[in-house]
Amino acid sequence: MRIRKTSLLFGLSCLIVFGCIVLLLGKNKNLAGEDQNDVEDLEKKVKKLEQDLKRNYEIVQKIGKSVSDLLKESPIQNENVLKGTNVKQDLLKSDGKSVTNDCLFVEKPPLQPDVQMLNLYSKMKFDNPDGGVWKQGWDVQYDDGQFSAQNKLKVFVVPHSHNDPGWIKTFQKYYEDQTRHILNNMVRKVSEMDNRKFIWAEISYLDLWWKESDQESRDKLKQLVDNGQIEIVTGGWVMNDEANTHYYAMIEQLTTGHEWLKQKLGFSPRNGWAIDPFGYSSSMAYLLKRSGLENMVIQRVHYAVKKAMAAQKNLEFRWRQNWDRDGQTDMLCHMMPFYSYDVPHTCGPDPKICCQFDFRRLSSSGQSPIHCPWKAPPQPITNVNVEKRATLLLDQYRKKSTLYKTNVLLVQLGDDFRYDTATEFDQQFINYQKLFDYMNSRSDWNVEAQFGTLKDYFDSLRDNVAQSVERFPSLSGDFFTYADIDDHYWSGYYTTRPFYKQLDRVLESYVRSAEIIYSMTWSHLHRMSTVSERSRNWMSRMMALLSDARRHLGLFQHHDGITGTAKDHVVQDYAKMMQTGIQDSQTIIQQCAHFLLHPDQADLEPQLNTRHFLVDDEYSKPNELPLKTLIDLRNSKRIVFYNSLASERVQVVTLRVSHYNVEVLNEKSELIQVQVSPVFITSHQLSNEEFEISFIISVSPLGMSTYTIRKCVGTVQENTNLNVARVVVRDSRSIDSVVPFTVDVKERLDPFTLENSHLKASFDSNGLLSSISHGERETASVAIQFVHYGTRRGNQMMSGAYLFLPDGPAQVVEANAEENGVRIVEGSIRSQVVVTLPLIVHQVTLHRSPGIDGLHLDIDNLVNLSGQRNLEVAMRFVTNVNSGAAFYSDLNGLQMTRREKWEQLPLQAQFYPMPAMAYIEDSATRITLATKQPLGVASLSSGQLEVMLDRRLNQDDNRGLGQGILDNVVPTLNSFRLLVEPRIVTCKGSHGGRRPDGYPSLSAHRSLHDLLYPVHQLVADNDDSAKKLHDNFKPALSPSGSDIHVVNLRTGTQLPDDQAVEPSPSSVSLVLHRLGFDCCFPPSGLDSSADNNNNNNGEFSLDKLFPDYFGNRIRSMSLTSLQHQGPAIEKSFTIALRPMEIYTFELQP
């Protein structure tokens, strides 16, 4: 950490000393002619100067020591977070464009790990020979000599209960039926003996329990956590999915859980626990590391990968990010070796033996029976059988230990919703303690067995290697796509229930926007001399809404939520919560907007129940597409546009209005150009009551701008700022025109083009995209096809909610000129092509805009599989890009990773998660697809990119859900942005070789952010009242820079027991992501002003972004704001952020 002010002080002290010397010499330049007294006087002055120099040196030394102490105090000292005058010259010479350092970061290959998953996959056969009792492994043996009195086997048996916040039952129903009892019994039974341990993961359930528990039970839980008998692992609101989730929501659900833990239990998690997500993302390891966790445990990894890693004793490794250049992201990870996390698959390689030590299965338990399928039931441990039973169990422990590098062994003891009775606690604890006592009494067995937590295990593991975790191999990559047996690949859930996957992203956008504008309002109130009690109460009531919205979003990140793998009624329960979260966020946005735009805030008495604006579209039903807001123009309407991004937004907006002849005025009351387009009620009928208008807006970073829409008093011909769209329809039937449109109906279409100043898009005679060109650059062939898959037949396993098991390659959905309608709506601002195909209505939109939306094509597909049977539909891009076997998909919107088509794997294994983006490229062109909803993606041939759109399946796939996926009875909207970028010829970037890391362009980053976080339209309810408001709100002095994304601006929540939540009076968290980007693609369309058309080279100043908001001090925090990471610094300091890293800073409101 280097501080510019310290360097300044040092420089000033040197200047003072130098000035004294010059002054002294100047006064005594004729020394030879002076008398002795003058000489003596000079000697005194020299002596005094020496003393002053010494004192000044001591001061400088103290300053240096203070800086040194600051460096030592900060765990992020090596990240150059704070920059001073010793910044490298190439940074100081930044001209604001894609400067050399950013390019060098991408061009420089990442640090080579010991295990790279791409390399591992390339060497694996993925065969599945029968391994004996360990079906997917081998006959494990061990040498008795490896254990001794000096090298004992240390066994930590970790009791746990995996509680899904929704799956077969709803979240609330699970709690009422089972989880309440589990938590009550956990607190009561663990406290009975000091050697009993337990771990718990899901804070969402802990919150429900806390609310209804008495103080004595709460205190007892806190005591058990404090003394280490109960450990909270991960500490998230849920155990989130890692394939479909976006990193914003992953951070939010972690922060919500950690905030609860900090206030209720005073606890900070140190160990991660993810035993049930269906594959694992390295992004999650990174987020845990940045949140202050040190170790993690995972389970559901491809069985062949587990076997390969176990053979090399690499099941414990340092998980490193693909972009890592210096090993700072390493996270110690333990991978469980066997099929499942249940008791039969955790003690050792033989499930028949391990099942005999699941004492919940005792026939005498009096509980609902659970039998061992191997027909060898457990036996109660007695003095008679303890030696025999302990011998049998220890043999499994020893065999399992041979798969790891040390003699410290982790054994999980639990399953789904276990320990829901006091009887089970007694059965497990009492019988295992007898086994431990006997094992430990046998000095010749060289074993120490005990109950433990993850902390106990990892502390012992680190002690075993003398804290030198470098003994464990480094690994980079991820663990997708998961297969549990045979060729049963879990790639179906990447796409299952896409309607609700998109609803998740909509809620995420609203929560983020609400967070930011709420925090701006909270800071604005703190700027006022006094904050009225009414205003505080208003903010508290909004915080209650915001807190619930956060929790609704967090709950759906559960690995049976966003995955689409829950029962129908559970999905509806999630959807209702998400709908409520959207509506509450809209309330917060319009309330805060009204306050921030109000001219007399000091006297304003805000009313939460008053609706000042209608925000965007209406989400009236949780299982239907939103209703388009119709703006009634009987009177003029003021529309406030709110931009939640920290960069200026210049883009086309489209609104639905009641009249076609309109005028639009910007915030300066200047008339601007507007286009009117028809609204089609059906494919053959235009509405004469609703119309769409499109115009270009400009909104400052994190700001608001007001535009006014009014009816024109003259005719359409007299309205010189109005452009009427041209309509062409391919159809055999006539279509009646509606004023002011003329519809040109044709039986056949010739190929045609749509273009703007950036690109030209060509379409074939069926209205489907065929190519895209940029100026004089070579045209890229980009043809869109739609394809469909069936599922296997006969006695084979068939596709279901989790699994994708196709019956062969996809079949093309053929476009038919006679049956499939095409319509073209072309205008001066916005042009569209809409194609009606079997199952799909496909729409491509081109904007004529100087902003980022002028660089790409918007693609929207409305998919309707209602009534179909075992059908899966995909969109395929067929291009002339020579991409070979490789393509890139994102992990949680945080990073891009290389994928390859593996010849040794079946078709279903070639699909990967695409939460946000994918691209293919060659030496000349990159084609990027950004998505608004998570879906599955593949590249099955060179130059192809295939994205799944929806799936309807009639049967269960035998993974526990017990039903097919047949609730997609309404059309599902999938939205994308397609960006074709010519590569700078002489630029290398990350292309070339077999590097696992990839980086979007700055334009692609911005295009994705605009898609995920659209500008909000706030239509004034009362136009007379709205006219009194300010026309704009501009809190940011300058943009954050196109290379720095404001992930969140989140006001902390106070969670007093048995009282309403309140906003934190002292803490607002600013979360920043320094984007890694490929310099080989010109950053066009990022900002309207020339001086902002750039990146900041990672330099960030809170003072420049918020000169009038938030306090004068800023402090670095762990990602979820649990721990301080260094001293507070001044707001004016410039902060240097490393590429790809995420930072959290604590601000004062």
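Here are a few questions and answers about this predicted model.

Q: Why is Lys 173 called partly exposed?
A: Its relative accessibility is 40%. Buried would need a value under 20% and exposed one over 50%, so Lys 173 falls in between and counts as partly exposed. You will find Lys 173 in helix H6, which covers residues 171–190.

Q: How far apart are Lys 173 and Val 570 in sequence and in space?
A: Along the chain they are separated by 397 residues, while their C-alpha atoms lie 9.9 Å apart.

Q: What makes S1 and S5 edge strands?
A: Take the strand order of the open sheet, S1-S11-S7-S8-S6-S5, six strands with mixed pairing. Strand S1 (115–116) and strand S5 (271–274) each have a single partner strand, so one side of each has no neighbour in the sheet.

Q: How do you know that S5 and S6 pair?
A: Pairing asks for at least two bridges between two strands. Four bridges join S5 to S6 (residues 295–298), so the two strands count as paired, and they run parallel. One of the residues to look at is Ala 274, whose bridge partner in S6 is Ile 298.

Q: Which strands does helix H10 lie across?
A: Helix H10 (residues 282–290) lies across S5, S6, S7 (316–320) and S8 (331–335), and runs at about 130° to S8.

Q: What does UniProt list for residues 488–578, and how much of that span is helix?
A: An unreviewed UniProt entry lists "domain: Glycoside hydrolase family 38 central" there. In the model this span is 71% helix and 0% strand, with its end C-alpha atoms 32 Å apart.

Technical notes: Residues numbered from 1 in each chain as written. Predicted model: local features only at pLDDT ≥ 70, side-chain atom pairs only at ≥ 80, totals over all residues. Heavy atoms only, no water. Buried < 20%, exposed > 50% of the residue type's maximum accessible area, 1.4 Å probe, protein only. Contact = heavy atoms within 4.5 Å. Axes fitted to C-alpha atoms, helices over the stretch in contact; angles between N-to-C directions. UniProt positions renumbered as here; feature names shortened; annotations may be inferred.
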